[in-house]
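Open your viewer and keep the selection panel handy.

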Amino acid sequence: MCLGIPMRVTEIEKNFKAYAETMGVKRPISIKLVPETKPGDFVLVHAGFAMEKIDPVEARKRIELFEKMLNLEGLD
Amino acid sequence: MEQGSFGYSVTNYNRLTEQLLNKVLKLGQKIAEKKGKKTKIMEVCGTHTVAFSRSGIAQLLSDVLDLRSGPGCPICVTHQQDLDYMISLSRIKEVIIVTFGDLLRVPGSFTSLEKEKAKGADVHICYSPLEAIDLAAANTQKEIVLLGIGFETTAPTIATALAQAREKGLKNFSIYSTLKLVPPALEALLHEKKFDLDGLVLPGHVSTVLGSNTFDFIAQKYALPCVVAGFEPLDLLMGLYYLLNSIMEEKAELTNAYAHIVKEKGNKTAKEIINLFFEEGETLWRGFASIPGSGLKLRTEYNDFEARSRFNNLEIPQTEVFSGCSCGDIITGKLTPFDCLLFNTSCTPLTPVGPCMVSSEGACSAYYQYRQQTQQEILLH
């Protein structure tokens with residue numbers, strides 16, 4: 001039940017109400033727990049709430065890190 | 001879609017996943033040669049149990065890894081006594097129960113919420129706990145009871161619903177809290193030392209709230225390597241790669257393999273709102289004796305929102321535990337679903353005996369859906 005879905009915030013209204021979208025699905029969410037959220041941010045959504053912002057730079061970096069590591073260590 | 005995760009192409013993503021899988025398999029083989037046994041790892045979170053089985057990673061690595069489920073499926077750890085209480089609440093005429101869908105089919109001692117709903121009980125399935133607030137505002141002649149089930153990830157969402165109920169002055173809203181905390185349960189589990197784990201995969205989304213450093217005690221106090229991991233196949237493999245390296249090098253350390261979402265100190269706002277409404281208290285878990293400080297109870301000043309005191313002269317049936325059900329041992333990693341005699345015989349998703357077969361993140365349900373082939377192989381050997 002601690003299912004979390006990465007979504008992109010599209011609009012922000014009053015009282016921490018916002019809308020987020022993933023793969024063509026748009027849902028109302030609450031940004032009460034991550035109040036600094038801005039439109040365009042990626043957030044992790046659980047039970048209709050943004051739980052944390054997703055850092056796209058960090059996300060890319062860790063993939064690149066593993067690419068480098070596999071190249072260095074070799075595949076065997 | 002050409003572009004996958006953050007501009008990284010899907011083809012590259014899949015290639016990297018495949019390469020990493022081979023890498024992890026080889027690492028697992030090395031450890032198996034060194035130690036002469038499979039590496040025993042507990043995935044604490046129910047969503048991880050499902051992710052490992054659904055992606056096929058558990059099956060592909062089953063020669064080198066012995067994956068055990070932990071106490072991280074909220075429905076599965078809910079005690080029979082609490083289930084009976086919640087079902088009894090649904091039988092009160094003016095009550096509307098608001099719950100996450102998983103709970104509906106979980107058998108209580110004599111009946112389930114689903115059966116009560118069929119008989120006319122008003123049970124509303126919600127996606128967000130805030131739906132309970134809208135229902136309460138729209139149905140002032142009714143009593144809305146939100147079933148507070150979940151861990152640290154869900155607790156702040158329930159707390160936000162409470163904050164809204166307070167702001168709006170709602171008099172017909174209450175919660176039945178069986179909210180639970182993961183670290184005390186892990187302490188209780190590791191303290192028992194009944195079986196030897198080599199490492200743990202820690203719950204990624206509980207960690208978004210608590211912060212990765214909450215779990216430092218596992219490495220420091222219990223000398224066990226552990227990793228905070230995400231839920232996509234690549235996330236799972238990155239987690240396993242770090243964990244197996246720590247195990248290989250015999251380093252008791254915590255690694256955060258989910259750092260683009262999980263911060264070291266977690267989400268301060270979420271922790272504050274939990275603390276505003278709740279305090280730690282003793283609570284019952286399936287599979288454990290009662291664990292001190294492992295539950296979230298409403299603070300006394302918010303007792304008006306407590307369903308237990310609002311409906312205190314309720315008749316609760318004497319709780320009965322089903323004989324033969326191994327859920328308690330499965331969620332503490334002592335057994336796997338294949339060890340349970342009821343699994344895929346009298347207990348199936350259509351006729352579930354225990355909660356692990358009902359919940360979409362229960363270990364038995366995941367093994368039933370994705371791992372029956374493995375069961376066949378075990379039976380043939």
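**Stop 1: two domains of chain B**

Start by colouring chain B by its domains: domain 1 covers 78-181 + 266-310, and domain 2 covers 327-380. Keep in mind as you go that this is a predicted model.

Now show the contact: 7 residues of domain 1 of chain B meet 13 residues of domain 2 of chain B. Together the two domains of chain B bury about 780 Å², with carbon and sulfur atoms giving 61% of that area. The touching side of domain 1 of chain B divides into 3 nonpolar, 1 polar and 3 charged residues. Between these two domains of chain B there are 0 salt bridges, while 3 residue pairs are in polar contact.

**Stop 2: a serine in a strand**

Next, select B:Ser294, in strand S11 (residues 291-298) of chain B. Is B:Ser294 buried or exposed? B:Ser294 counts as buried because its relative accessibility is 0%. Show its side chain and you will find a polar contact with the side chain of B:Trp285 at 2.8 Å. The B:Ser294 side chain also reaches the backbone oxygen of B:Ile291, at 2.8 Å. Beyond its neighbours within four places in sequence, B:Ser294 touches several residues, including B:Leu179, B:Pro184 and B:Gly281.

**Stop 3: where chain B meets chain A**

Zoom out and show both chains. The contact takes 47 residues from chain B and 37 residues from chain A. About 3,900 Å² is buried between chain B and chain A, 67% of it from carbon and sulfur atoms. Across this interface of chain B and chain A there are 2 salt bridges and 9 residue pairs in polar contact. Several helices of chain B each supply at least two residues to the side touching chain A, among them helix H1 (10-35), helix H8 (155-167) and helix H12 (233-248). H1(B) gives the most, with 7 residues. By type, the side of chain B that touches chain A divides into 26 nonpolar, 15 polar and 6 charged residues. To see one salt bridge here, select B:Arg15 and A:Glu67, whose side chains meet at 3.0 Å, N to O.

**Stop 4**

Side chains of opposite charge can pair when their charged atoms come close. Over all chains the count is 21 salt bridges.

Select B:Lys221 and B:Glu187, which form a salt bridge with their closest N and O atoms 3.0 Å apart. B:Lys221 lies in the loop between helix H11 (216-220) and strand S8 (226-228) of chain B, and B:Glu187 in helix H9 (residues 182-192) of chain B, 34 residues apart. B:Lys221 is exposed at 53% relative accessible area, whereas B:Glu187 is partly exposed at 24%.

Move on to B:Lys334 and B:Glu192, a salt bridge at 3.5 Å, N to O. This pair links parts of the chain 142 residues apart, with B:Glu192 again in helix H9 of chain B.

Finish with B:Arg299 and B:Glu279, whose closest N and O atoms are 3.6 Å apart in a salt bridge. B:Arg299 sits in the loop between S11 and helix H14 (307-310) of chain B and B:Glu279 in strand S10 (residues 278-283) of chain B, so the pair ties together parts 20 residues apart in sequence.

Key. Residues numbered from 1 in each chain as written. Chains lettered and ligands numbered in written order. Predicted model: local features only at pLDDT ≥ 70, side-chain atom pairs only at ≥ 80, totals over all residues. Heavy atoms only, no water. Domains from an automatic or database assignment. Contact = heavy atoms within 4.5 Å. Buried area = accessible area lost by both parts, 1.4 Å probe. Salt bridge = Lys/Arg side-chain N within 4 Å of Asp/Glu carboxyl O. Polar contact = N/O pair within 3.5 Å; in protein donor to acceptor, adjacent residues only side chain to side chain. Nonpolar A, V, L, I, M, F, W, Y, C, P; charged D, E, K, R; others polar. Helix = DSSP H or I, 4+ residues; strand = E, 2+ residues; numbered from the N terminus. Buried < 20%, exposed > 50% of the residue type's maximum accessible area, 1.4 Å probe, protein only.
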